[in-house]
Amino acid sequence: MDYIKEIPAIRWKNGEFEKVLEKTVKDENIFIHIDELQVRKFSTYPKDLEDFCIGYALAEGLIKNIDDVESIQIKDKDIFLKTKYNHKVNNNLSLTEDEDNQGIIYESLMSDSAGGWRSELKNIEPVCSDLKIKAKDIIANMLVLTDNAKVWKETGSVHVAQLIYGDEVIIREDVSRHVAVDKVIGAAARKNYDLTHSYICYSGRMPADMIIKFARVKIPIVISNAAPAGSGYLIADEANITMVGFVRNNRFNLYTAPDRVLLND
């Protein structure tokens, strides 16, 4: 693969050691330019970058759907996204409709990674979806996720995310679980999938800054092989998102909005 390289290491096992070459991913810094907003830098496995940029803009509330995108260009390590809102610098903003339906108004969009999720609680709207899945499908889809995590199998250096929409499956990998999730959201948006009838499986913890992404784009079910954080549980509960964690060895924990999971099937 183009973005896999070998690095020297010393492997220790049972008291013996040897010099080896280990495979890892070649992550790079890429830069997202959205309208006239401040440029944003990400360390990423530089593949599926259009999916990432669109998914990021959706999950950050900078666009509402794929029709809000006027153009997207990739030039080396820079991604340029133009939206119909023409966001201006110093307006790090999120979109909502005003009460009188007179167009778009703006709300402060704080950095989730800096703890801005606390300010988002008052803006959380419950996710409405009649999607239901079988308990056995949770186990099966996590196996599909790991079976198709090609870069992870080669290197162990990435996270993987999977979006399921009916019989359709999208899988993306990246060094950041955030970027992997943004990539599948973006890919699904580009295919015009109804995200309210989609669900996501991914590797990694479930803190608030991840769950907020799903609340913003109205994905009703989130599944992980890892643990929820208390903040993630709070957001999932407020947003009526079904949160499933610790999917391992034919078991899982179901934390919130349990009615979407058919436990006897």
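Reply: Happy to! Let us begin with a term: patches are made of residues with over 30% relative accessible area and no salt bridge, where like charges are joined within 9 Å and nonpolar side chains (Val, Leu, Ile, Met, Phe, Trp, Tyr) within 5 Å. Accessible areas come from the Shrake-Rupley method with a 1.4 Å probe, and for residues only the protein chains shown count as cover. A salt bridge is a side-chain nitrogen of Lys or Arg within 4 Å of a carboxyl oxygen of Asp or Glu. This is a predicted model, in which local features need pLDDT of at least 70 and side-chain atom pairs count only at pLDDT 80 or more, while totals for chains, interfaces and linings use all residues. Residues are numbered from 1 along each chain as its sequence is written, and side-chain values use heavy atoms, with hydrogens and water left out.

Me: What accessible area do I10, W12 and F17 have together?
Reply: These three residues form a nonpolar patch on the surface. F17 sits in strand β2, residues 16-25; helices (H or I, at least four residues) and strands (E, at least two) are DSSP runs, numbered from the N terminus. F17 has a relative accessible area of 62%, so it is exposed (buried means under 20%, exposed over 50%, partly exposed in between, with a 1.4 Å probe and protein chains only). Together, the patch has an accessible area of about 440 Å².

Me: Which residue's side chain makes a polar contact with the side chain of K213?
Reply: K213 belongs to helix α6, residues 208-217, and is buried because its relative accessibility is 3%. Contact means heavy atoms within 4.5 Å; leaving aside neighbours within four places in sequence, K213 is in contact with A59, H178, V181 and D182. A polar contact is a pair of N or O atoms within 3.5 Å; within protein, one must be able to donate a hydrogen and the other to accept it, and residues adjacent in sequence count only if both atoms are side-chain atoms. At 3.0 Å, the partner of the K213 side chain is D182.

Me: How far is the backbone oxygen of T196 from a polar atom of the side chain of S129?
Reply: S129 lies in the loop between α2 (117-120) and β9 (133-134), and with a relative accessible area of 19% it is buried. Its side chain reaches the backbone nitrogen of L131 at 3.1 Å. The distance to the backbone oxygen of T196 is 2.5 Å.

Me: Which residue in β4 stands opposite I30?
Reply: In a regular strand the side chains alternate between the two faces of the sheet. Opposite I30 stands F42.

Me: How many residues of helix α1 are buried?
Reply: Helix α1 covers residues 49-59 and is mostly covered. The buried residues include L49, F52 and Y56. After the helix comes G61, with a positive phi near 80°. Of the 11 residues in α1, the number buried is 10.

Me: How many residues apart in sequence are the parts that R172 and D48 tie together?
Reply: Side chains of opposite charge can pair when their charged atoms come close. R172 and D48 meet in a salt bridge at 3.5 Å, N to O. R172 lies in strand β11 (residues 168-174) and D48 in the loop between β4 and α1, so the parts tied together are apart in sequence by 124 residues.

Me: Which residue forms a salt bridge with E50?
Reply: D48, E50, D51, R172 and R190 are linked in a network of salt bridges. In one of these bridges, the closest N and O atoms are 2.9 Å apart, and the partner of E50 is R190.

Methods
Pairing = 2+ DSSP bridges.
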